Amino acid sequence: MEIIHVSAECYPVAKAGGLGDVVGALPKYQCKAGDIAKVVMPMYRTKFLYDNEWSVEFKGNTNLGNWFFDYTVIKEKSNKLGFDIYLIDIHGLLDRQKIYGYDDDTDRFTAFQIAVIHWISNWEHRPDVIHCHDHHTALIPFMLKHCYDYQFLAGISTVLTIHNGQYQGWMGWDKSNYIPRWDLWKRGLLEWEGNINPLACGVKCADKVTTVSQSYMDELRMNANGLEKLFEYERGKCIGILNGIDHDVWNPETDTYLTDHYSVENVIEGKEINKLALCETFGVEPSKPLFVFIGRLVGEKAADILPESIKSAIDKTQGNASFLILGSGDSSVEWQLQSMKTNYAGVFNTVIGYDEKLSHKMYAGADFLLMPSRVEPCGLNQLYALRYGTIPMVRNTGGLKDTVLDMGNYQGFGICFNEASIHDIVYSVERAVSVYQDKTHIEWMRKYMMQIDHSWESTVDRYKQVYLSA
Ligand code: ADP
């Protein structure tokens, strides 16, 4: 089976969050399982682009409304990711430093999708499946089925995976001419509540829709940023498949970002050494339990209540807990965290920004990982934490609910709470500080969670079933 993943992100080429991790790993394990999986994504100006050798695969030209553009498809020469990775360069539009955040993102990702299908329409053979990821690529199923120039590709099965349903790529009808000549009777497929809504369109037109955990799939029918009724209506073709993690990248025994490796056998000593190094770098006291948060500083992650929760937790535990935060996002949260550095020196520090290496060191060196998310489709951080023997503290939502069992239960190994509130976070920190004294229980939890299998090997078959049914 030949599967083409189309995505805005793919680790290590370009990553902003979990989408990048998934698209960087799933195709590799699909190839290992015997299928042909390839990834096509925009060509941004990233380190990976400059550090590797590329061959030109195709040059073409097409149009976005009235704008005619040339595009080039390049391919990484050595197959170093374990699958073929193709980048599409549209000069001036895609070749930027950042992945998202530009005023013309609608133009960028619509032109990208058009270039992808224009290129595929020039192939001598047809792939079996086009697997689209999130709203940036969700117009493709519509284009294949209802745009006159591409209808001859309609036999290719399409699957849309929703990694985050909050962002839908809304665009006004003034941009409807961006979409290659389409059957005007099909207007209803593009529309949701008065706008063109690419994500909604993808849900309507893809043969199958998946999201990254079963609980998130269920939640989307009640809370999907306006698309609840659509998910209810289309529930027959929607499936929840929990993300896996890439054990080649996320493994404390081999992690290339770590100096001191460890395994289940020596997890206590291994984490202690990593914690000492981390605490020394950030000037926090290593004898106290270390809590970390890694992620986007946005409302979805409940980052807005993080500063007050940390202050209150330090107060309530009489300074008996240390916190280290890595992230970027809302400037007011960034500012509040930065301004706590002086007053809470010794028990608090923060790095504002994106730092892949530091994130690995934090998963290895922390005692607890905090995730009070309001919305969490799957959440990869808690899966990495499990793999590194770091106890996850999570709000009961989405994929967090599906992967963490509170330590109050038989064979429980994490701390779970119900509300994204200061009260629940502080109470959970108090529980953590208390259990931290019980070294036997902590050791049992660390060892138990490290052995839970969240590998992609055990997940790729579920995608295969989806492709077959599509
Ligand atoms: P998201 O909603 O952001 O996609 P996920 O939990 O699915 O959340 O994935 C987040 C991924 O991004 C993880 O690999 C996490 O380690 C990484 N990450 C998030 N923020 C940062 C950061 N500031 N620095 C380094 N890695 C980060």
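Me: Into which domains is the protein divided?
Reply: This is a predicted model, where local features need pLDDT of at least 70, side-chain atom pairs count only at pLDDT 80 or more, and totals for chains, interfaces and linings use all residues. Residues are numbered from 1 along each chain as its sequence is written, and side-chain values use heavy atoms, with hydrogens and water left out. The bounds come from an automatic or database domain assignment. The protein is divided into domain 1 (2–244 + 457–469) and domain 2 (267–450).

Me: How many residues does each domain bring to the contact?
Reply: Taken over C-alpha atoms, the centres of domain 1 and domain 2 are 33 Å apart. Contact means heavy atoms within 4.5 Å. By that rule, domain 1 gives 19 residues and domain 2 gives 16 residues.

Me: What area do domain 1 and domain 2 bury between them?
Reply: Buried area is the accessible area (1.4 Å probe) that two parts lose on being put together, summed over both. Carbon and sulfur atoms carry 53% of the area buried here. In domain 1, S215, E219 and L242 lose the most area to domain 2, together 26% of what that side buries. For domain 1 and domain 2, the buried area is about 1400 Å².

Me: How many salt bridges does the rule find across the interface of domain 1 and domain 2?
Reply: A salt bridge needs a side-chain nitrogen of Lys or Arg within 4 Å of a carboxyl oxygen of Asp or Glu. The side chains of E356 and K15 meet this rule at 3.2 Å, N to O. Across the interface of domain 1 and domain 2, the count is 1 salt bridge.
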